[in-house]
Amino acid sequence: MNEINVVDTAASPSDAGAKSLKVLVTGAQLAPEATELLTKNGIETIYADGYSGSDNLANIAKTNAVDAILVRQGQINDQVISASKQLRVIAKHGSGVDNIDLDAATSHNIPVLRALAANAQSVAELAITLSVTLMKDIGTLSDTVKRGAWPKTKYVGRDLAGAKFGIIGFGEIGRRTAKLAQGLGMETIAYDPFADDADGTRVSRDLSEVLAQSDIVSLHCPLSPQTHHLINAGRFKAMKPTAFIVNTSRGAVIDEAALLEALKNGGIAGAALDSFEQEPPSPDHPFWALPNLIATPHVGGASRSALRNMALQSAQHIVDVLTGTPFDRRALANQNLDQN
């Protein structure tokens with residue numbers, strides 16, 4: 001959208017005549033607690049559609065001389081970051097910062113702060129929900145019954161107990177997902193170049209080993225140059241033809257062209273995607289014709305508690321920086337900021 005929605009404007013509590021601080025929020029309205037926190041600290045909130053493009057976001061940032069950007073959607077590139085000379089902090093409404101140009105932020109000496117583990121449980125729960133949906137053929141069975149068929153006498157399902165659940169990326173979300181999978185009786189194995197064994201999950205440094213052994217592969221790694229198209233045609237060939245893949249991380253971790261071929265040709269049994277390389281994906285995406293694919297609109301972190309936690313953390317980061325309060329450096333995404 002080209003218009004902006006300004007809400008919750010409040011004068012600074014310390015100086016009613018001072019310039020109002022402004023934060024640009026790229027996306028839907030924040031949880032009320034976060035809006036209240038910003039307002040109490042004299043920070044005016046400006047909303048813009050994050051999917052409207054970087055040109056539009058840059059124009060809004062420049063026109064309003066924003067002091068902060070709270071990122072929900074959209075590409076925050078150098079054009080957006082350099083648009084306002086007043087910009088002092090960028091906060092992400094979540095943990096993934098692949099849509100923020102960290103090098104550009106660092107060059108302008110602007111910290112980029114993430115919401116740490118705020119949505120971890122919500123994402124883990126969706127990953128398990130999608131895994132169970134695939135393993136139990138819920139989508140296919142539902143469609144069959146709705147068409148008037150009744151396949152009760154022919155259907156033979158899979159057991160969750162005893163299945164091997166592979167986790168790619170053993171951070172906070174991956175660990176929580178592993179615990180949920182174990183609660184269903186699944187055996188967990190993880191791939192991570194840095195993490196160690198924990199809570200009954202063996203961590204391998206060999207991705208091919210994890211892919212070859214797993215009945216379900218669940219992706220929980222951040223998107224980086226190293227993980228872009230990490231799961232490609234060769235990786236799909238390493239998987240069992242009876243295995244499923246679930247992606248609640250970032251779309252570009254999977255090579256979508258390779259996934260399409262694997263699903264069409266029986267290289268793997270099915271997939272569930274909560275994120276895509278292009279969001280929103282096109283209405284005529286070839287995925288939509290596949291009966292063995294389930295799609296959700298990047299809502300892994302959209303539970304009530306997760307939205308509240310992410311909004312509060314990101315708002316607090318902004319308040320801390322704009323009021324000169326030391327922020328939690330564990331949340332700093334551009335770790336080389338101190339070297340700038």
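This is a predicted model: local features need pLDDT of at least 70, side-chain atom pairs count only at pLDDT 80 or more; totals for chains, interfaces and linings use all residues.

**Residues with a positive phi**

Residues are numbered from 1 along each chain as its sequence is written, and side-chain values use heavy atoms, with hydrogens and water left out.

Back to Ala117. This residue is found in the loop between strand 6 and helix 5. When I say helix or strand, I mean DSSP runs numbered from the N terminus: H or I with at least four residues for helices, E with at least two for strands. Phi of Ala117 is near 55°, a positive value in a residue other than glycine. As background, most residues other than glycine have a negative phi, and most peptide bonds are trans.

Asn109 also has a positive phi, about 60°, and Asn109 is not a glycine. Look for Asn109 in the loop between helix 4 (102–107) and strand 6 (112–113). With a relative accessibility of 47%, Asn109 counts as partly exposed.

For the peptide bonds, go to Glu279 and Pro280. The bond that joins them is cis, with omega about -10°. Pro280 sits in the loop between strand 12 (270–273) and strand 13 (293–295).

**Two helix pairs**

Two packed helices are described by the angle between their axes and the distance between the axes. Here the axes are lines fitted to C-alpha atoms, for helices over the stretch in contact, and angles run from 0 to 180 degrees between N-to-C directions.

Take helix 5 (residues 120–135) and helix 7 first. Their axes come within 8 Å and cross at roughly 45°. The crossing of helix 5 and helix 7 is right-handed. A crossing is right-handed if the near helix is turned clockwise from the far one by less than a right angle, and left-handed if anticlockwise.

Which residues of helix 5 and helix 7 make the contact? From helix 5 they are Ala120, Gln121, Val123, Ala124, Glu125, Ala127 and Ile128, and from helix 7 they are Glu172, Ile173, Arg176, Thr177, Leu180 and Ala181. Contact here means heavy atoms within 4.5 Å. By class, the contact between helix 5 and helix 7 has eight nonpolar, two polar and three charged residues. For those classes, Ala, Val, Leu, Ile, Met, Phe, Trp, Tyr, Cys and Pro count as nonpolar, Asp, Glu, Lys and Arg as charged, and the others, Gly among them, as polar.

The other pair is helix 1 (residues 32–40) and helix 11 (residues 304–322), whose axes come within 8 Å and cross at roughly 15°. That makes helix 1 roughly parallel to helix 11. The contact involves Glu33, Ala34, Leu37 and Leu38 of helix 1, and residues of helix 11 including Arg308, Ala311 and Leu312. Eight nonpolar, one polar and two charged residues make up the contact of helix 1 with helix 11.

Thr177 lies in helix 7 (residues 172–183). Is Thr177 buried or exposed? At 0% relative accessibility, Thr177 counts as buried. Ala127 is 50 residues away along the chain, and the C-alpha atoms of Thr177 and Ala127 are separated by 7.0 Å. A polar atom of the Thr177 side chain lies 2.8 Å from the backbone oxygen of Ile173.

Thr201 is found in the loop between strand 8 (187–191) and strand 9 (202–204). Thr201 is buried, with a relative accessible area of 3%. The side chain of Thr201 makes a polar contact with the side chain of Gln182, at 3.1 Å. A polar contact is a pair of N or O atoms within 3.5 Å; within protein, one must be able to donate a hydrogen and the other to accept it, and residues adjacent in sequence count only if both atoms are side-chain atoms.

Last, Thr323 is in the segment after helix 11. Thr323 counts as partly exposed, at 42% relative accessibility. The backbone oxygen of Asp320 lies 3.4 Å from a polar atom of the Thr323 side chain.

Methods: Angles under 35 degrees count as roughly parallel, over 145 as roughly antiparallel, 65 to 115 as roughly perpendicular and the rest as oblique. Buried means under 20% relative accessible area, exposed over 50%, partly exposed in between (1.4 Å probe, protein chains only).
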